[in-house]
Amino acid sequence: MTEKLLGSIEAGGTKFVCGVGTDNLDIIEKVSFPTTTPEETMPLVFEFFKKYNLKAIGIGSFGPIDIQKESATYGHITSTPKIAWQNYDFVGAMKKEFDLPIAFTTDVNAAAYGEYVAGCGKDLSSCVYYTIGTGVGAGAIQDGRFIEGFSHPEMGHMIVRRHSDDQFKGCCPFHDDCLEGMAAGPAIEKRAGKKGQELSEEEPIWDIEAYYIAQAAYNTTLILSPDVIIFGGGVMKQRHMLAKVHQEFEKLINGYVKTPPLKEYIVIPELDDDPGTIGCLALAKKEIEFS
């Protein structure tokens with residue numbers, strides 16, 4: 001293939017999803033590798049991309065990460081609980097192998113951007129994307145730009161009000177009762193003794209889960225008033241969850257603000273499993289314009 005392509009790395013806590021695509025954001029190939037250590041995972045990443053003639057790469061990484069280009073540690077994964085990846089120079093390692101423009105942001109920012117340019121957020125001025133999975137994170141976009149300051153948002157660690165029937169302590173090592181500690185996949189598994197996909201729709205735990213996710217939507221609505229809130233990740237593959245979140249959100253908001261219709265306002269990803277990959281491709285394309 002002679003056409004120069006865009007590269008995408010969706011670096012998650014469980015797996016790296018690498019892909020290549022065109023300027024039209026059509027995915028040509030996508031592969032995944034387990035997230036183990038840099039020494040094991042990164043050579044697989046390099047090998048995959050060296051098969052292609054690339055013009056830019058977009059990276060969406062688990063974090064926290066340093067996104068400040070003026071910083072001495074720009075492009076590093078910083079204080080992650082994944083010990084092997086702490087202070088890893090992700091962008092630097094890629095630059096050694098590929099002398100190309102490289103966009104670098106969080107994995108949830110990348111997914112948010114994918115939905116913004118090609119999914120639920122297309123033709124809107126703003127969107128917020130949450131992933132509810134092994135961890136919880138969120139990215140926010142306004143007029144094509146990520147909402148961030150000294151660092152990227154960590155909305156997955158907002159404090160939530162406990163459900164009256166929930167005695168679970170929480171599984172976040174930093175904050176017992178934050179959104180991630182109460183609503184991420186591991187929190188469901190520790191309560192129930194089995195993974196969420198093994199539970200029936202009738203399990204009361206889903207009402208508790210919906211209550212916490214609805215609080216994320218409530219807080220986001222009152223702080224940012226985005227055009228759409230998108231909930232992705234493995235937990236939201238339980239298709240009955242969205243209706244429960246809508247119900248809990250209506251109770252919480254209690255008519256205080258008038259949002260768009262909930263079926264259009266609080267949604268699941270239009271791009272299914274590809275928002276991160278498409279977002280990274282789009283960010284790679286955008287990076288060329290600024291290089």
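Helices (H or I, at least four residues) and strands (E, at least two) are DSSP runs, numbered from the N terminus. This is a predicted model, where local features need pLDDT of at least 70, side-chain atom pairs count only at pLDDT 80 or more, and totals for chains, interfaces and linings use all residues. Residues are numbered from 1 along each chain as its sequence is written, and side-chain values use heavy atoms, with hydrogens and water left out.

View 1. Five strands line up as 3-2-1-4-7 with mixed pairing (two strands pair if DSSP finds at least two bridges between them). Strand 3 (27–34) and strand 7 (102–106) sit at the edges, each pairing on one side only.

**View 2. Helix 1 on the sheet.**

**View 3. Lys 50 meets Glu 97.** Their side chains form a salt bridge at 2.5 Å, N to O (a side-chain nitrogen of Lys or Arg within 4 Å of a carboxyl oxygen of Asp or Glu). Lys 50 is in the loop between helix 1 and strand 4 and Glu 97 in helix 2 (residues 90–97), so the pair ties together parts 47 residues apart in sequence.

**View 4. Lys 69 meets Glu 287.** The closest N and O atoms of this salt bridge are 3.3 Å apart.
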